[in-house]
Amino acid sequence: MVKDAVPLQDLRRALVVKLRHHGDVLLASPVFSVLKNHAPHLEIDALVYAETAPMLELHPAIAAVHAIDRDWKKRGPLAQAAAEWSLLSRLRRRGYDIVIHLSEHPRGAWLARLTGARYAVAPRAGGKGRWWSRSFTHLYALPRVPRRHMVEVNLDALRRIGVQPRDDERWLTLVAGPGPDARVGELLAAHGLASAKFVHLHPASRWQFKCWEPERNAALIDALAARGHQVVVTAAPDDEEREFVARIAHRCSSPFIDLAGKLSLKELAALAGRAWLFIGVDSAPMHVAAAMGTPVVALFGPSGELEWGPWRVPHRVVTSSHPCRPCGNDGCGGGKVSECLTTLSVGRVMLAVDELLAS
């Protein structure tokens, strides 16, 4: 045990801050579960970006989800200042005893100071200076070599204050809710899949360099159909992602159910939870499927599967043998095309599918 452990029994309220993308927020969900298990009396709030809030809404360990809207800055300086002041006032009224900041975002240091929390923990970030380090009572070490899963990195914040997570506490938590689940049930029934098994394919990503080519996605759908699998394809409600799915459809010989751009985040979770198998690249929907307990086949290119791979579900990760991966670059040479992905064959993905379904 650390000598400066935080006395949880003396705390009433905690604020956990994760100002990152959708998948990052979902991978922080075990922090709330573990903290609540070790301090059942504690009220735990979350602060995230507004678009990622559905990842944590209905989490049984969270009392309230506060959100920062990135569009505030588009309303002009006065309106943005008013929105920021309103948020800060709400947070201060909550009277937090501890702030747990799970990224290197500079807002965490301000919140640690302005909320008046007795304790605050954040990553020990290089180059941040004394303002950062003096804003927090506890700093947790980040891995020197990025080979530690992000779930464990998030939980390191709790370890630093004296909370040691049990192995059975580290599951992702995502609750779709009855409304989204009912709508997905209606959509599937309308396509004749009310009780049929299906494969959920989410081929797109907001990051083009993480995507497998449309031609190979189309060949994969045809190969799945030849095995008798029904395929449901999803994508974000984004013009580029919908166009990506349209390019796949144009190259497909087999029909599939196209729900691209038609689902909310909660509905995507409900769909993934009903699927027999999920196939996709390193993106938030892959983590959503894992959170819902669905087996995953994940294609990884420039990002690292050790840090970002499917968490605690049966899975197969398909990668190339390129010695330069994972490089973290946005395509080879920054060219938006990752050869470690484009060279992956349909046969290798189907082999992973067969192995996972057989197990």
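This is a predicted model: local features need pLDDT of at least 70, side-chain atom pairs count only at pLDDT 80 or more; totals for chains, interfaces and linings use all residues.
1. The second largest pocket has a volume of about 290 Å³. A pocket here is, on a 1 Å grid over the protein atoms alone, an open set of points with protein on both sides within 12 Å along at least five of seven lines, whereas a cavity is a set of points where a 1.4 Å probe fits but cannot get out; lining residues have an atom within 4 Å of a point. Grid points are joined across faces, edges and corners, and a volume is the space filled by probe spheres set on the points. The lining of this pocket holds 16 residues, and the closest to its centre are Ile68, Glu84, Leu87, Arg107 and Leu111.

2. Residues are numbered from 1 along each chain as its sequence is written, and side-chain values use heavy atoms, with hydrogens and water left out. Helices (H or I, at least four residues) and strands (E, at least two) are DSSP runs, numbered from the N terminus.

3. Now to the sheet that includes β3. Six strands form an open sheet in the order β3-β2-β1-β4-β5-β6, with parallel pairing; two strands pair if DSSP finds at least two bridges between them. The edges are β3 (64-68) and β6 (138-140), each with a single partner strand, so one side of each is left without a neighbour in the sheet. On average, neighbouring strands of this sheet are turned by 20 degrees against each other, direction ignored. For angles, axes are lines fitted to C-alpha atoms, for helices over the stretch in contact, and the values run from 0 to 180 degrees between N-to-C directions.

4. Val121 has His138 as its bridge partner in β6.

5. Helices pack on this sheet too. Helix α3 (residues 77-94) touches β1 (13-17), β2 (43-49) and β3, and its direction makes about 155 degrees with that of β3; contact means heavy atoms within 4.5 Å. Helix α6 (residues 150-160) lies across β4 (98-101), β5 and β6, running at about 145 degrees to β6.

6. Another open sheet of six strands has the order β9-β8-β7-β10-β11-β12, again with parallel pairing. Here β9 (257-258) and β12 (315-318) stand at the edges with a single partner strand each, so one side of each is left without a neighbour in the sheet.

7. Do have a look at β7 (residues 198-202). Five of its five residues are buried, so the strand is largely enclosed by the rest of the structure. Buried means under 20% relative accessible area, with exposed over 50% and partly exposed in between (1.4 Å probe, protein chains only). Phe198, His200 and His202 point one way from β7, and Val199 and Leu201 point the other way.

8. On one flank, β7 runs parallel to β8 (residues 230-233) and four bridges join them. Leu201 has Val233 as its bridge partner in β8, and His200 stands opposite Val232. From β7 the chain passes through helix α8 (residues 214-226) to β8 in a right-handed β-α-β crossover. Right-handed means that, with the strands pointing away from the viewer, the path from the first strand over the helix to the second runs clockwise. A right-handed β-α-β unit is also made by β8, helix α9 (residues 239-251) and β9. Two bridges join the parallel strands β8 and β9, and Val233 stands opposite Asp258 in β9.

9. Four bridges also join β7 to β10 (residues 277-281), in parallel, with Leu277 as the bridge partner of Val199. Strand β10 in turn is joined by four bridges to the parallel strand β11 (residues 296-299), where Phe278 stands opposite Val296.
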